[in-house]
Amino acid sequence: VQVTLLNDLTVEYAQGNYSLYDDKLFIVKEGDYYPVNTAVKKFTIQYPASATAKALYTFQAGYPKIGDHHEGTYYEQLASNNQIQFLKWMHKKVRQIEGYGGSGEKKLVDITEYYLFDVNNKKLISMGNKINANQIKSGLISINNSYESTLQSKNIKSESDLIVLIKELP
């Protein structure tokens, strides 16, 4: 885990974990989990993507307040360029599921929200909890009008489509 503190000091740890339930970063030492109680600007954590490959995930705080999220909220950076960052906020929550004719059960459910961050104007734009081509196009055009002509030839259906597009945009 690579952790960047608010003063831009970068620290490396052998193992770490980010809890989507607690929204906290933990450092793992000798099998014990220790919460990071210092203000963290950004961290990169490695998780297995498959049996043979590992994926890097970068989370960053410091974005403007939007809805219930504040400057300390961590967003996963999915893609970025000089003008735009494509972000994903994830959380896990225990929800009571009521069953027919009996008592309910508790399940852990995933909550996901997507955002575009306008780097120049320091503004977060909510894209909702699903990738919606029209919402994405209007969000990108609100950041830069010149994207409209590029977007006409693009068919954005998924998170991965938008990641590729943002990496291609100037």
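Me: What share of the contacts in the chain with a separation of 6 or more comes from residues 24 or more positions apart?
Reply: The model is a predicted one, and its contacts can be sorted by distance along the sequence. Among contacts with a separation of 6 or more, those between residues 24 or more positions apart make up 40%.

Me: In what order do the helices and strands of the chain follow one another?
Reply: The chain holds three helices and eleven strands. Read from the N terminus, the order of the elements is β-β-β-β-β-β-β-β-β-β-β-α-α-α.

Me: How far apart do the centres of the positive and negative side chains lie?
Reply: The chain carries 19 positive and 18 negative side chains. The distance between the centres of the two sets is 3 Å.

Me: Within what arc do the buried residues of H3 fall?
Reply: The buried residues of H3 are Leu-162, Ile-163, Leu-165 and Ile-166. Seen down the axis of H3, these residues line one face of the helix, because they fall within an arc of 165°.

Me: Which elements are included in what covers the buried residues of H3?
Reply: One of the buried residues of H3 is Leu-165. Not counting residues up to four places away in sequence, Leu-165 touches Leu-140, Leu-151, Lys-154 and Ile-156. For the buried residues of H3 taken together, the cover includes E8, E9, E10, H1 and H2.

Me: Which residues are exposed on the other side of H1?
Reply: An α-helix has 3.6 residues a turn, so residues three or four places apart point the same way. In H1 the buried residues are Ile-136, Gly-139, Leu-140 and Ile-143. They fall within an arc of 95° seen down the axis of H1, so they line one face. They pack against E9, E10, E11, H2 and H3, whereas the exposed residues on the other side are Asn-134 and Ser-142.

Me: Is Asn-155 buried or exposed?
Reply: Asn-155 is found in the loop between H2 and H3. Asn-155 and Leu-165 are ten residues apart in sequence, and their C-alpha atoms are 9.8 Å apart in space. A residue counts as exposed when its relative accessible area is over 50%. The relative accessible area of Asn-155 is 54%, so this residue is exposed.

Me: Which residues does Pro-64 touch, not counting those up to four places away in sequence?
Reply: Pro-64 lies in the loop between strand E7 (54–60) and E8, and counts as partly exposed at 24% relative accessibility. Pro-64 and Lys-24 are 40 residues apart in sequence and 19 Å apart in space, C-alpha to C-alpha. The residues that Pro-64 touches are Phe-117, Lys-122, Lys-123 and Leu-124.

Me: What is the phi of Lys-122, which is not a glycine?
Reply: Lys-122 lies in the loop between E10 and E11. Its relative accessible area is 55%, so Lys-122 is exposed. Although Lys-122 is not a glycine, its phi is positive, at about 50°.

Me: Where does Asp-8 lie?
Reply: Asp-8 is not a glycine, yet has a positive phi of about 70°. With a relative accessible area of 47%, Asp-8 is partly exposed. Asp-8 lies in the loop between strand E1 (2–5) and strand E2 (10–12).

Note on methods
Residues numbered from 1 in each chain as written. Predicted model: local features only at pLDDT ≥ 70, side-chain atom pairs only at ≥ 80, totals over all residues. Heavy atoms only, no water. Helix = DSSP H or I, 4+ residues; strand = E, 2+ residues; numbered from the N terminus. Contact = heavy atoms within 4.5 Å. Lys, Arg positive; Asp, Glu negative; His and termini not counted. Charge placed at Lys NZ, Arg CZ, Asp CG, Glu CD. Buried < 20%, exposed > 50% of the residue type's maximum accessible area, 1.4 Å probe, protein only. Arc of directions from axis to C-beta.
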